[in-house]
Amino acid sequence: IGSTKKPMDKFTSLTDMDEFDPVGENGPYPVTGMEEGYSKIIEQMTWKNSFSITQEAVEDAVAIDLRKKPVKFTTAYYRTRERFGARFFGEAIKGSDSFTLNGKTFNCQTADGVDLFATNHPSKVSGAAQSNLFADAFSADALAAAETKMQGFKGDNDNILAVAPNTILIPNDYALKKAVFAAIGSDKDPDTANNGYNFEFGRWRVIVWAYLNEFITAGTSPWILLDSDYNEEYDGAVWLDRIPLNVKSDIDSGTDANVWRGRSRFTAGFNDWRFAAVGGVTGGTQLISG
């Protein structure tokens, strides 16, 4: 999340440098190269809403609490923001290139021109494909396998980036919540009666996102691993605030109603896909054979 003063922002990156070479005493400096990676432009969007309080409501205020309307107005604004973010992830899980909201289209693809979750993210230099879309239902083994895959994600020069996922994001699904906390909630092996050590214990932050339920396919149980540090450093999922919520109030001369109007500018999008991977999605790469 960040602020911006521009109507649109371009996000790009540089490909990785080659490694240092041993050159010995007084050896020459090797020359390594970089080039611009994939880039993406994210354009700002204006958001508005309004409500009115009639003169009669003001006169009869003994029956209602007029303070609740402005509070609900602000609550609706923050709910709009959260549902907007959840929709990006929900549509990405479903494999949508974009989605439309009130006639406005928002792109769900990353800078490489592929959906956020895909089996064919191309390298800018070699063209080799990588996957962050996995079919396996959540389990302790699937969690460990997905983490290992993410740790092996490569940059556009095919160098391993040492991605380190630290967050599990799931919809509000009771069976999935139970499976996740069973896998990570005890320092003992959850699958046996012995005292085997559970190396997943204490290593994860879990986010249960109820708004995500609205935008995933009914009957599915996707689960997402995130590296919050990589996301911040490399602009994975981008949120930009241009103008904060600005509320003004006036009296309508035709009706005497008290009209409240709110306006804001913000937007979101995906840039670098490597910050996240999803499991439990049909058509994804299989993590665990058999």
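Asn102 is exposed, with a relative accessible area of 75%. That value counts as exposed because the cut-off is over 50%. The model is predicted. Asn102 sits in the loop between strand 5 (98-101) and strand 6 (104-107). Its phi is positive, about 55°, although Asn102 is not a glycine.

Asp235 also has a positive phi, near 55°, and is a residue other than glycine. Asp235 lies in the loop between helix 5 (228-234) and strand 12 (237-251). Asp235 is partly exposed, at a relative accessible area of 32%. The table sets out both residues.

| Residue | Phi | Relative accessible area |
|---|---|---|
| Asn102 | about 55° | 75%, exposed |
| Asp235 | near 55° | 32%, partly exposed |

Now the interior. In soluble globular proteins, nonpolar side chains tend to be buried together. Which residues touch the most other members of the largest nonpolar core? They are Phe84, Phe117 and Ile224, in a core of 52 residues. Helix 2 supplies the largest share, seven residues.

What does Phe117 touch, leaving aside residues up to four places away in sequence? Its contacts are Ala92, Ile93, Asn132, Leu133, Ile224, Ala276, Ala277 and Val278.

Conventions. Residues numbered from 1 in each chain as written. Predicted model: local features only at pLDDT ≥ 70, side-chain atom pairs only at ≥ 80, totals over all residues. Heavy atoms only, no water. Helix = DSSP H or I, 4+ residues; strand = E, 2+ residues; numbered from the N terminus. Buried < 20%, exposed > 50% of the residue type's maximum accessible area, 1.4 Å probe, protein only. Core = buried A, V, L, I, M, F, W, Y, C linked by side-chain atoms within 4.5 Å. Contact = heavy atoms within 4.5 Å.
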